[in-house]
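Have the structure open and turn it as you read.

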Amino acid sequence: MTYLWVDCGRDVVSQRYDRIAKFIPFFDWLFFLPWDLRRKAVVKMGLSRGDSVLEIGCGTGRNFPYLRQAVGPEGRIYGVDISPGMLRKAGQLREANAWRNIELRECDAADYAAPMPLDAVLFSLSYNTMPHHRAVLRHAWQQLRPGARPVIMDAKVPPGWSGRLVLPFSLWLMKHTMLGNPLIHPWQELGAVADQVDMSECMFSSYYICSATKPFADAATGDGDRAANDNMSPGSAYHIAAE
């Protein structure tokens with residue numbers, strides 16, 4: 001049997017996330033999100049104090065404590081989301097903690113231009129919700145400094161018979177909750193712009209973190225502008241490690 005996913009438009013996604021903004025902690029529990037997965041995703045970014053980082057689909061700001069700890073008060077954190085309801089929650093968190101180095105913007109990530117070259121970009125449970133994820137990834141890649149790291153943390157259908165068993169329910173659940181497409185493979189799309197992708201999996205391969213490093217050659221040759229597609233380029237590779 002072949003399963004299909006029909007992408008929703010920006011307005012539908014924005015309205016859905018406006019409605020569920022206050023329930024995000026519950027959804028972390030509902031989907032068995034590993035308690036330390038957010039922290040591990042930030043660690044993969046290799047940030048240092050004073051760095052600048054963009055979170056695409058920052059939601060209610062649940063990654064901000066880890067990002068703030070990594071870059072310190074002298075670093076810059078940019079958060080982009082299309083849901084005003086999610087951003088209100090993120091803004092409340094920012095103000096409650098007096099985090100003055102976090103800038104929030106309501107816009108499509110494909111249109112966002114950071115005010116400075118970035119040291120890292122994070123997609124945290126957001127990449128699969130974007131119908132134009134390839135365009136967003138390419139745009140983010142172009143804003144990274146050479147040596148900077150994009151990181152994608154998300155859920156996926158596990159391999160083998162267990163994945164085939166849960167796929168119909170996963171499609172139904174995503175359509176009625178987070179609108180994340182479980183049929184796409186972000187690590188392959190990252191591999192189409194990066195020479196090598198590192199990937200770690202956990203929770204029986206149902207969650208993953210994939211990351212890459214932008215080579216210094218990109219700045220001179222423009223290699224980072226090549227189009228991403230569903231399959232990695234012939235020369236690219238990725239390494240998977242289970243946790």
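K156 has a relative accessibility of 13%, under the 20% cut-off, so this lysine counts as buried. Keep in mind that we are looking at a predicted model. What does K156 meet in a salt bridge? The side chain across from K156 is that of E201, with 3.4 Å from N to O. K156 sits in the loop between β5 and α7 while E201 belongs to strand β6, so this contact ties together parts that are 45 residues apart in sequence.

Together β6 and β7 make a hairpin, with 4 residues between them. In that turn you'll find M203, which has a positive phi of about 55°.

The structure has 11 of them, and the pair we started from, E201 and K156, is one. Another brings E74 and R49 together, with their closest N and O atoms 3.2 Å apart. Where do these two sit in the chain? E74 is in the loop between α4 (64-71) and β2, and R49 is in the loop between α3 (37-44) and β1, so to speak two distant parts of the chain, 25 residues apart. E74 is partly exposed, with a relative accessibility of 44%, whereas R49 is exposed, at 55%.

D36 and K40 also meet through their side chains, at 3.4 Å from N to O. Here D36 is buried, with a relative accessibility of 13%, and K40 is partly exposed, at 26%. Some bridges share partners, too: D28, R38 and R62 are joined into one network that way.

Now for the empty space. Rolling a probe the size of a water molecule over the atoms shows where such space is left. The largest pocket has a volume of about 750 Å³. Its lining is made up of 29 residues, and F31, A155, S170, S206 and Y207 lie nearest the centre. Which elements give two or more residues to this lining? They are α2 (24-30), β5 (144-155) and α7 (160-176). Of these, α7 gives the most, with 6 residues. By type, the lining divides into 19 nonpolar, 7 polar and 3 charged residues.

The second largest pocket has a volume of about 480 Å³. It is lined by 35 residues, with Y17, G57, D81, S126 and T129 closest to the centre. Two or more residues each come from α1 (10-20), α2, β1 (52-56) and β2 (76-81). This lining divides into 17 nonpolar, 11 polar and 7 charged residues.

Technical notes: Residues numbered from 1 in each chain as written. Predicted model: local features only at pLDDT ≥ 70, side-chain atom pairs only at ≥ 80, totals over all residues. Heavy atoms only, no water. 1 Å grid on protein atoms, 1.4 Å probe; cavity = no way out; pocket = protein on both sides within 12 Å on 5 of 7 lines; lining within 4 Å. Points joined across faces, edges and corners; volume = space filled by probe spheres on them. Nonpolar A, V, L, I, M, F, W, Y, C, P; charged D, E, K, R; others polar. Salt bridge = Lys/Arg side-chain N within 4 Å of Asp/Glu carboxyl O. Buried < 20%, exposed > 50% of the residue type's maximum accessible area, 1.4 Å probe, protein only. Pairing = 2+ DSSP bridges.
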